[in-house]
Amino acid sequence: MKSLLKHRLAWPVIALAALLLLNQVFRPDFMSLRMQDGHLYGSLVDIMRNGAPTILIALGMTLVIATRGIDLSVGAVVAIAGAASCAYIAASPEPGSPVTAATAVLIAVVAGLALGVWNGFLVSTIGVQPIIATLVLMTAGRGVAQLITGGQIVSVSNDSYKSIGAGYLFTLPISILITAAVFALAAVLTRRTALGTLIEAVGINPVASRLAGLRARNIIWIVYVFSAVCAAIAGLMISSNVTAADANNAGLYIEMDAILAVVIGGTSLAGGRYTLVGTVVGAFIIQTLTTTVYTLGIPPEVTLVFKALVVITVCLLQAPKARNLLSRFKAAPKPAAKEAAKEKVAI
Amino acid sequence: MSPLSTLTPLTVKKPSPARNRLRGGARYAPTLATVGLFIAMFAVGAGMYPSFLSGQVFLNLFIDNTFLIVLAVGMTFVILTGGIDLSVGAVVALSMMVSATLLQQGWNPGAVIVLVLLIGGGLGLLMGLIIQYFDIQPFIVTLAGMFLARGLCYVISLDSIPVNEAFFTGMAQAQIPLPGDLFVSPGVLLALGIVAVAFFVLHHTRFGRTVYAIGGNEHSAMLMGLPVKATKILVYALSGLCSAIAGILFSFYSLSGYSLAAQGMELDAIAAVVIGGTLLTGGTGYVLGSVVGVLVLGIVQTFIAYDGTLSSWWTKIVIGGLLLVFILLQRLFARKAR
């Protein structure tokens, strides 16, 4: 039991379970799932479906943060991807055909790819701090998205496109399946090949990893491209769910939610160690928190205050200094090893 | 007079050829580039639109951006220590909401202003304490502060609250005449006063010297026996206080409180500081540069307003582009310094 509690994922999972239980207490039908018209319905499915874009972006963010970086531009990439695909569909001669939808998806993904290459170029080749490098795109990105949509909310009617965010396949929402596929891909690539270890090495010490013969530059490049492509796919989901591209509000503050999910999941912002599963749990916690606020009948505008308190609490719990304080209360001298490890990183 | 004078002890301590090169014109180069850019933009504007070349257009840059100037002053302190404060826009909105609500309930304007300043300063102090004592990155702490302040705005009200109180409307309409049919608003004088105080504090006090020293090298500053902890905490409290003042100035300007106000203003403030020549890694920069940075952002907006054919989103793209150019310039200077 004790060793189970020490597991990195223990606290996030306990928090998620507690939140779900809280909902169950206030709404007895919360956990129930039912089949209707061959689709799976229920609050849990809703949480997963609404959380899919955040999970997707948080997955990309996890790898970026693992290299000791941060990607603030994901919200802007969401807006640009949605704007590009919807503008293409609206302008095409056959706005309803599946081919148009497929091309639109391709355009959005390529746009994400290009923006990721741009971020990666600034961070890895020019050597700009990640916060600032991605701040540029965060500032200019929404302007670019509005440029694409001409300042309008572009709405489209294309059934194939709509199914990305709102459709069902094998009784499950397609957005969940896409997210699961990206998660599986990321997990296999980083945990079954050396890539994950390389990412951690770069996060722990970029200079040392370069001296050790790693192409640190390319690895940094890869994570920013991955992050932006994830954001572009999330942008597709968000715009297809409402069948419209809103350059101003699509993905607003989603970078904050994604960072929050990563931090709650147990990935350290100092880089070097990361957990993809933890990130998914973290994103679920955030989405469930939002649902809980609705369930409890608290005005939804209070959600932000809750999120703020959660970030601070989680960060404090993660901070070595706070842990030291806590362990002093318990009179156990165990975090010494952890402190020593951190010192090494600092040097 | 020279702002460098306070820095000499630091540079003298470890003279190296690279440092010496930076001590000359290169130290001022980013800020001078900004001043040059501003003059060039003003000249181009005057060439394109005859009415651009007037004193009032120049003064309007100050009148329309008083709050941004004050925010940029606070942000300059934070960035000089190598930190960042993402909460400023939300604190501006919170200050506006609190003052609009309390004024509507008939509070005395003086009491409201004092309370708002206490809230802003207190929030900044709290963030500074968490950053310092728990050793958490400023970025994430101020992000939480941003969530908190914005959330509190929504809790107060989702609707826009008008301000009809006599003192606030008086401040909104007041014009201080200048020679030649020109005028400024009282807020401009307040903002310029804050800039002057910040300039004095940064370049002529022990606190200011410590701010530069922390940004240069926090570890060395600590070894030199400087009050690093207290200074870092105070810097965030100062930024919070500046945000609250900016919120009140914004209330004078817009005569309302709205929870969605000042969205993304933290980015404008950071952009102004960076464009003004302050290095994001800390240690180098001038508060006067940040003021010029604000003016550059202001003139971009004026340009787009004058043009008429360009839409407002071009502002964001141009600001992003300028930010990029100046960050690349910074890298160039940093490379030379090494």
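**Note on helix packing, the chain interface and the salt bridge**

1. The axes of helix H9 (residues 195-204) of chain A and helix H11 of chain A come within 10 Å and cross at roughly 105°. H9(A) is therefore roughly perpendicular to H11(A) (65 to 115 degrees; angles under 35 count as roughly parallel, over 145 as roughly antiparallel, and the rest as oblique). Axes are lines fitted to C-alpha atoms, for helices over the stretch in contact, with angles from 0 to 180 degrees between N-to-C directions. Helices are DSSP runs (H or I, at least four residues), numbered from the N terminus.

2. This is a predicted model, in which local features need pLDDT of at least 70 and side-chain atom pairs count only at pLDDT 80 or more, while totals for chains, interfaces and linings use all residues; side-chain values use heavy atoms, without hydrogens and water, residues are numbered from 1 along each chain as its sequence is written, and chains are lettered from A and ligands numbered from 1 in the order in which they are written.

3. On the H9(A) side, A:Leu198, A:Ile199 and A:Val202 meet A:Ala216, A:Ile219, A:Ile220 and A:Val223 of H11(A) (contact: heavy atoms within 4.5 Å). By class, these residues are seven nonpolar, no polar and no charged (Ala, Val, Leu, Ile, Met, Phe, Trp, Tyr, Cys and Pro are nonpolar; Asp, Glu, Lys and Arg charged; the others, Gly among them, polar).

4. Helix H3 (residues 43-66) of chain A also packs with H11(A) (residues 216-241), their axes coming within 7 Å and crossing at roughly 170°. The two helices are therefore roughly antiparallel to each other. Residues in this contact include A:Arg49, A:Leu56 and A:Gly60 of H3(A) and A:Val223, A:Phe226 and A:Asn241 of H11(A). The contact has 17 nonpolar, three polar and one charged residues.

5. Between chains, 46 residues of chain A are in contact with 38 residues of chain B. The buried area is about 3,700 Å², with carbon and sulfur atoms giving 81% (accessible area, 1.4 Å probe, that the two parts lose on being put together, summed over both). Zero salt bridges are found across this interface (side-chain nitrogen of Lys or Arg within 4 Å of a carboxyl oxygen of Asp or Glu).

6. Over all chains, the structure holds one salt bridge. B:Lys232 pairs in a salt bridge with B:Glu218, the closest N and O atoms being 3.1 Å apart. B:Lys232 lies in helix H13 (residues 228-254) of chain B and B:Glu218 in helix H12 (residues 218-223) of chain B, so the pair ties together parts 14 residues apart in sequence.
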